[in-house]
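Here is a friendly walk through one protein model. Have a look at it first, and then read on.

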Amino acid sequence: MDRENKRGDKLSWQLLYIADPDYMVKPPFFIQWNDSDEYREEQFKKFYQLTFTIETVIISSEKRRDTVENWKKWYDMKEISQTDGYTDLTLANDDTCFRIEDGKESDYQSIILKDSQTTAPYSVYIRGAKYRFEPNYS
């Protein structure tokens with residue numbers, strides 16, 4: 001895939017989707033950028049927002065154990081905690097928690113974000129997903 005910006009610069013990439021017809025929650029996709037990570041970091045640095053950080057992504061699954069095992073295998077995630085109702089996973093170099101919880105339906109439920117400019121929690125619902133913003137006191 002590619003696109004051209006207003007200055008005529010061309011940005012190109014490849015997408016990889018996991019095709020698993022039995023999987024119940026649509027998995028995230030992978031992007032292979034044709035530019036180096038260092039180049040992309042420098043180009044996009046001015047667009048980064050520093051107000052919000054993603055703390056937790058909550059996903060419900062009718063088959064939690066299968067979802068957990070797939071995500072561990074597909075994304076090289078490690079299990080950081082587990083209860084009777086959910087399992088928490090994380091990526092090797094990232095603090096974001098991915099909570100896979102038991103549910104009657106398999107779907108993305110909530111994203112919990114830390115907001116450095118608020119003093120009270122608030123939520124926004126977009127297309128059925130809940131974005132929960134909490135104060136970041138660090």
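Predicted model: local features only at pLDDT ≥ 70, side-chain atom pairs only at ≥ 80, totals over all residues.

Let's begin with an open sheet of 3 strands, which has the order 1-2-3 and antiparallel pairing. Strand 1 (2-4) and strand 3 stand at its edges; each has a single partner strand, so one side of each lacks a neighbour in the sheet. From one strand to the next, the twist averages 30 degrees.

Strand 2 and strand 3 run antiparallel and are joined by 4 bridges. Across this pairing, Leu16 stands opposite Phe30 of strand 3.

## A nonpolar patch

Tyr17, Phe29 and Ile31 make a nonpolar surface patch of about 310 Å². Of these, Phe29 sits in the loop between strand 2 (10-16) and strand 3 (30-33).

Is Phe29 partly exposed or buried? Its relative accessibility is 42%, so Phe29 counts as partly exposed.

## The largest core

Nonpolar side chains tend to be buried together in soluble globular proteins. Here the largest nonpolar core has 10 residues, among them Val57, Trp71, Trp74, Leu89 and Phe98. Strand 4 (52-61), helix 2 (64-75) and strand 7 (97-102) are the elements that give two or more residues to this core. The most comes from helix 2, with 4 residues.

Strand 9 (residues 122-126) pairs with strand 10 (residues 129-135) in the antiparallel sense, over 5 bridges.

How values were computed
Residues numbered from 1 in each chain as written. Heavy atoms only, no water. Pairing = 2+ DSSP bridges. Patch = residues over 30% accessible without salt bridge, like charges linked within 9 Å, V, L, I, M, F, W, Y side chains within 5 Å. Areas by Shrake-Rupley, 256 points an atom, 1.4 Å probe, with all protein chains shown as cover. Salt bridge = Lys/Arg side-chain N within 4 Å of Asp/Glu carboxyl O. Buried < 20%, exposed > 50% of the residue type's maximum accessible area, 1.4 Å probe, protein only. Core = buried A, V, L, I, M, F, W, Y, C linked by side-chain atoms within 4.5 Å. Axes fitted to C-alpha atoms, helices over the stretch in contact; angles between N-to-C directions.
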